[in-house]
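Let's take a walk through this protein chain together. Keep the 3D view open as you read.

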Amino acid sequence: QVQLVESGGGLVQAGGSLRLSCAASGRTFSNYAMAWFRQAPGKEREFVARIRWSGGSTSYADSVKGRFTISRDNAKNTVYLEMNSLKPEDTAIYYCACAAKPIVGRAPYEYDYWGQGTQVTVSS
């Protein structure tokens, strides 16, 4: 099994930046993808960004494209989400997720493992 632990959330002013980290441990596998989702109060959990571990191919939601960057550190089994030009509407709990295959979409049910979430609050 895989355990995911997020960190790096907090309170930031609009226009500021924040970097989230997700450390993976436990069972390892060769082909997989990792993603970030977020859930705001009263909203469904929504896709933010995805990365394929082997080749590093990325995908982003339109709402964050050009502002957020997903990356990974293979040696540390860690995925990051760099968040720039933050807006109040980015406020949410951010979750790290892992799928045990490289080709996955943007639906939460496609992912096999989840972290506990980290709160990001952007003030105006």
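**Strand after strand**

Follow the chain along its sequence and you get the pattern β-β-β-β-β-β-β-β-β-β-β. The tally is 0 helices and 11 strands; here helices (H or I, at least four residues) and strands (E, at least two) are DSSP runs, numbered from the N terminus.

A word on what you're looking at: this is a predicted model, where local features need pLDDT of at least 70, side-chain atom pairs count only at pLDDT 80 or more, and totals for chains, interfaces and linings use all residues. Residues are numbered from 1 along each chain as its sequence is written, and side-chain values use heavy atoms, with hydrogens and water left out.

Now for the overall shape. Along the principal axes, the C-alpha atoms of the chain fill a box of roughly 40 × 25 × 25 Å. The radius of gyration of the chain is 13 Å, which agrees with the value near 14 Å that a compact globule of 124 residues would have. (That radius is taken over C-alpha atoms, and the globule rule is 2.2 Å times the number of residues to the power 0.38.) Of the 124 residues, 43% count as buried, where buried means under 20% relative accessible area, exposed over 50%, and partly exposed in between, with a 1.4 Å probe and protein chains only.

Let's start at strand β1, residues 2–7. In a regular strand the side chains alternate between the two faces of the sheet. In β1, the covered face has V2, L4 and E6, while Q3, V5 and S7 sit on the uncovered one.

From β1, step across to strand β3 (residues 18–26): the two run antiparallel and are joined by 6 bridges. (Two strands pair if DSSP finds at least two bridges between them.) One place to look is V2, whose bridge partner in β3 is G26.

Keep going and β3 takes you to β8, again antiparallel and again with 6 bridges. Here A23 stands opposite T78 in β8. Strand β8 covers residues 78–83 and is mostly covered, with 5 of its 6 residues buried.

The next step is from β8 to strand β7 (residues 68–73), an antiparallel pairing over 6 bridges. F68 has M83 in β8 as its bridge partner. The hairpin of β7 and β8 has 4 residues between the strands, and in it N77 takes a positive phi near 50°.
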